[in-house]
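Please look through the chain shown here before reading on. The briefing is organised by topic, from the overall fold to individual residues.

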Amino acid sequence: MASIQLYVAAACAVVLALAAPALGGDPDMLQGTSASLTTPPNPPHTHPRATEIIFVLEGTLEVGFITTANMLFTKSLTMGDVFVFPRGLVHFQQNRGYGPAAVVAAFNSQLQGTQQIAMTLFGAMPPVPTDILAKAFRIGNGEVEHIKANFAPM
């Protein structure tokens, strides 16, 4: 019975998300969906133009976001759980189970944008000046250069 409820809830989320563009482009409606396997971690990132909602189809995820007051909110999610990442806040997802984890993700914008924090800071072209990053992270210039080398284009 719980399995049927899970799939009905997932189907409703997908239908709502797919129908949203036909509802006059209301920015509060879910407008985009994607299914993703989250076995590798989804590193800290942000969506500057959209709120994200996820529905866990299978597996166990640890998710979290950081508020503008630098408060971290985390939660362990399992099959059937729903979680919302507010627009523009840094957030992450990581598989904490023993098998694959799958989610349905939806955004309230077709152009949500995605900005990965580490890549943005250490892989920018032209590069962010080393001394600025060293001061921001309170580390030495050599450490910054070492980190930048890990984000260099391949």
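The points below concern a predicted model, and they move from the whole chain to its sheet and then to a set of annotated positions.

**Overall make-up**
- The chain contains 4 helices and 9 strands, which follow one another along the sequence in the pattern α-β-β-β-β-β-β-β-β-β-α-α-α.
- Of its 154 residues, 30% count as buried, while the accessible surface comes to about 9300 Å², with 64% of that area belonging to carbon and sulfur atoms.
- When contacts between residues at least 6 apart in sequence are considered, 67% of them join residues at least 24 apart.

**The open sheet**
- An open sheet is formed by 5 strands in the order S5-S4-S7-S2-S9, with antiparallel pairing.
- Strands S5 (72-77) and S9 (115-116) stand at the edges and have a single partner strand each, so one side of each is left without a neighbour in the sheet.
- Strand S2 (residues 42-46) is joined to strand S7 (residues 91-95) by 2 bridges, and Asn42 has Gln93 as its bridge partner in S7.

**Annotated positions**
- An unreviewed UniProt entry lists His45, His47, Glu52 and His91 under "binding site"; although they span 47 residues in sequence, no two of their C-alpha atoms are more than 11.7 Å apart, so they gather at one spot.
- His45, found in strand S2, counts as buried because its relative accessibility is 3%, under the 20% cut-off, and its side chain reaches the backbone oxygen of Pro43 at 2.7 Å.
- Glu52, in strand S3 (residues 52-58), is likewise buried, with a relative accessible area of 5%, and its contacts beyond four places in sequence include His45, His47 and His91.

How values were computed: Residues are numbered from 1 along each chain as its sequence is written. This is a predicted model: local features need pLDDT of at least 70, side-chain atom pairs count only at pLDDT 80 or more; totals for chains, interfaces and linings use all residues. Side-chain values use heavy atoms; hydrogens and water are left out. Buried means under 20% relative accessible area, exposed over 50%, partly exposed in between (1.4 Å probe, protein chains only). Contact means heavy atoms within 4.5 Å. Accessible areas come from the Shrake-Rupley method with a 1.4 Å probe; for residues, only the protein chains shown count as cover. Two strands pair if DSSP finds at least two bridges between them. UniProt positions are given in the numbering used here, feature names are shortened, and annotations may be inferred rather than shown by experiment. A polar contact is a pair of N or O atoms within 3.5 Å; within protein, one must be able to donate a hydrogen and the other to accept it, and residues adjacent in sequence count only if both atoms are side-chain atoms.
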